[in-house]
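Biologist: Please take me through one part of this model closely, beginning with a single side chain and going on to the packing around it. I would like the residues by name.

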Amino acid sequence: MYKTENELMIKEQIIRRGITDENVINAFRITPREFFISSLSKQRIYFDSPQAIGFSQTISQPYMVALMTRQLRLTGREKVLEIGTGSGYQTAILARLAKDVYTIERISELSA
């Protein structure tokens with residue numbers, strides 16, 4: 001449904017800013033961001049900014065997720081611990097790139 005928007009986000013917000021790691025880019029291609037944002041924010045899913053997910057929390061700007069992920073330089077053999085699951089988007093991206101991902105969320109409503 002949002003395939004065109006996702007590709008535009010990857011080109012304009014991620015690749016254009018210097019993220020060229022094909023593994024990171026492919027993780028973004030196969031992880032639909034719309035699954036991680038409530039229906040109230042669907043029109044802003046692919047905006048170049050953080051989006052509210054409730055409970056005074058946000059899903060990070062796509063570029064920041066890509067930058068943080070690239071900085072890890074994952075090879076596929078790692079065990080990753082993520083603190084602050086939030087929407088689970090970063091977790092899903094990491095899960096495409098690492099052997100194991102463990103994540104902790106302190107806000108029980110977001111965990112659910």
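Modeller: Glutamate 34 counts as buried because its relative accessibility is 11%, and the limit for that class is under 20%. Bear in mind that this is a predicted model. Glutamate 34 sits in the loop that runs between α2 and β1, the latter being residues 51-54. Apart from neighbours within four places in sequence, Glu34 has contacts with Tyr2, Lys42, Ile45 and Tyr46.

Once its neighbours within four places in sequence are set aside, the contacts of Phe28 include Asn6, Met9, Ile10 and Ile14. Pro62, Val65 and Ala66 are also among the contacts of Phe28, as are Tyr89 and Ile93. Phe28 belongs to the largest nonpolar core, which has 28 residues. Within this core, Phe28 is one of the five residues that touch the most other members; the others are Met9, Ile14, Tyr89 and Ile93. Each of α1, α2, α3 and α4 contributes at least two residues to the core. As a general background, nonpolar side chains in soluble globular proteins tend to be buried together.

Next, the helix pairs. The axes of α1 and α2 are 10 Å apart, and the two helices pack at an angle of about 145°. Their crossing is right-handed. On the α1 side the contact involves Asn6, Glu7, Met9, Ile10, Ile14 and Ile15, and on the α2 side Ile25, Phe28 and Arg29. Sorted by class, the residues of this α1 and α2 contact are six nonpolar, one polar and two charged.

α1 also packs against α3, here at an angle of about 65° and with the axes 9 Å apart. This crossing, too, is right-handed. Met9, Gln13 and Ile14 of α1 make the contact with Pro62, Tyr63 and Ala66 of α3. Its residues comprise five nonpolar, one polar and no charged ones.

Which residues of α3 are buried? In this helix, residues 62-72, they are Pro62, Tyr63, Val65, Ala66 and Thr69. These lie on the same side of α3, because the arc they cover around the axis is only 160°. The general rule behind such a pattern is that an α-helix has 3.6 residues a turn, so residues three or four places apart point the same way. The buried residues of α3 pack against α1 (3-15), α2 (22-29) and α4 (89-95).

Just after α3 the chain has a backbone feature to check: arginine 73 takes a positive phi of about 50°, although Arg73 is not a glycine. Most residues other than glycine have a negative phi. Arg73 is in the loop from α3 to β3, residues 79-83, and counts as exposed because its relative accessibility is 55%.

Phenylalanine 55 is another non-glycine residue with a positive phi, near 60°. Its place is the loop between β1 and β2, the latter being residues 57-59. With a relative accessible area of 46%, Phe55 is partly exposed.

Terms used. Residues numbered from 1 in each chain as written. Predicted model: local features only at pLDDT ≥ 70, side-chain atom pairs only at ≥ 80, totals over all residues. Heavy atoms only, no water. Buried < 20%, exposed > 50% of the residue type's maximum accessible area, 1.4 Å probe, protein only. Helix = DSSP H or I, 4+ residues; strand = E, 2+ residues; numbered from the N terminus. Arc of directions from axis to C-beta. Contact = heavy atoms within 4.5 Å. Core = buried A, V, L, I, M, F, W, Y, C linked by side-chain atoms within 4.5 Å. Axes fitted to C-alpha atoms, helices over the stretch in contact; angles between N-to-C directions. Left-handed = near helix turned anticlockwise from the far one by under 90°. Nonpolar A, V, L, I, M, F, W, Y, C, P; charged D, E, K, R; others polar.
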